[in-house]
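Below is a short briefing on one protein model, arranged by topic.

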Amino acid sequence: MDETHPDALTRNYVSDTLPLANAAGLPRPAIYVIDQDQPNAFATGRDPDHAAVAATRGLLQLLDRREVRGVMAHELAHVKHRDTLTMTVTATIAGAVSALANFAFFFGGRDEEGRPSGIIPMIVVALVAPIAAALVQFAVSRGREYEADREGAAISGDPDALASALQKIEAYARGGYRNPDAERNPATAHMFIINPLAGRGADNL
């Protein structure tokens, strides 16, 4: 088997993730590959019985097989500790706040002559709502990430693999690669193992 072939990478990813789930004492999650060049991964689902883990095509190509196992062990640790529910709810709330702000800005009230009324309150809402959404996201403690690192190392039995993977992903992220999908929906950024946003302005927070 050609270990560098994309199909082989996907097969290795799937075949390695299922034993890790067993090692973590978890039901087998749904496993997805995201057609995205940026190396990243995340887990989601309301509980371990309804969980899913996903890795981007870029992650499978950048990391070696051992490092991919380390990353997936980290994501399965989130599933085990039910962080996935918290992250999903947080993303939903942040997205809803941003959507309501846009709705208020573009579809606000009008006066008798059909001109926009209360333009200043709408501008304030449009400015404050994204900040509120960001605060909701910040409420997801980085402590959960550190705990997922610890638990993931235990699940995989290879802590150096995750450390090596994170170093590679961080080095890639510093290159300024833009993820258009994440930029269009920044409310989900905190779900990924590495911030998928470009790191400009408020994204650096």
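**Sheet, helices and a loop residue**

In this predicted model, an open sheet is formed by 3 strands in the order β1-β3-β2, with mixed pairing. Its edge strands, each pairing on one side only, are β1 (30-34) and β2 (41-44). From one strand to the next the twist averages 20°. The model being predicted, local features need pLDDT of at least 70 and side-chain atom pairs count only at pLDDT 80 or more, while totals for chains, interfaces and linings use all residues. Residues are numbered from 1 along each chain as its sequence is written, and side-chain values use heavy atoms, with hydrogens and water left out.

**Sheet**
- Strands β2 and β3 (residues 52-56) run antiparallel and are joined by 4 bridges; two strands pair if DSSP finds at least two bridges between them.
- F42 stands opposite A54 in β3.
- Helices (H or I, at least four residues) and strands (E, at least two) are DSSP runs, numbered from the N terminus.
- Helix α3 (residues 65-80) lies across β2 and β3, at about 150° to β3; axes are lines fitted to C-alpha atoms, for helices over the stretch in contact, and angles run from 0 to 180 degrees between N-to-C directions.

**Helix α7**
- Helix α7 (residues 159-173) has 15 residues and reaches 21 Å from its first C-alpha to its last, close to the 21 Å expected at 1.5 Å a residue; the expected span is 1.5 Å times one less than the number of residues.
- Its buried residues (under 20% relative accessible area, 1.4 Å probe, protein chains only) are A161, L162, A165 and I169.
- These residues lie on the same side of α7 because they cover an arc of only 95° around the axis, taken from the directions from the helix axis to the C-beta atoms.
- The face turned away from the buried side of α7 carries the exposed (over 50%) residues D160, Q167 and A171.

**E67**
- E67 lies in helix α3 and counts as buried because its relative accessibility is 2%.
- Not counting residues up to four places away in sequence, E67 touches A161, S164, A165 and K168, where contact means heavy atoms within 4.5 Å.
- The side chains of E67 and K168 are joined by a polar contact of 2.9 Å, that is, a pair of N or O atoms within 3.5 Å, one able to donate a hydrogen and the other to accept it.

**R82**
- R82 is in the loop between α3 and α4 (83-106).
- Phi of R82 is near 60°, a positive value in a residue other than glycine.
- Most residues other than glycine have a negative phi.
- With a relative accessible area of 47%, R82 is partly exposed, the class between buried and exposed.
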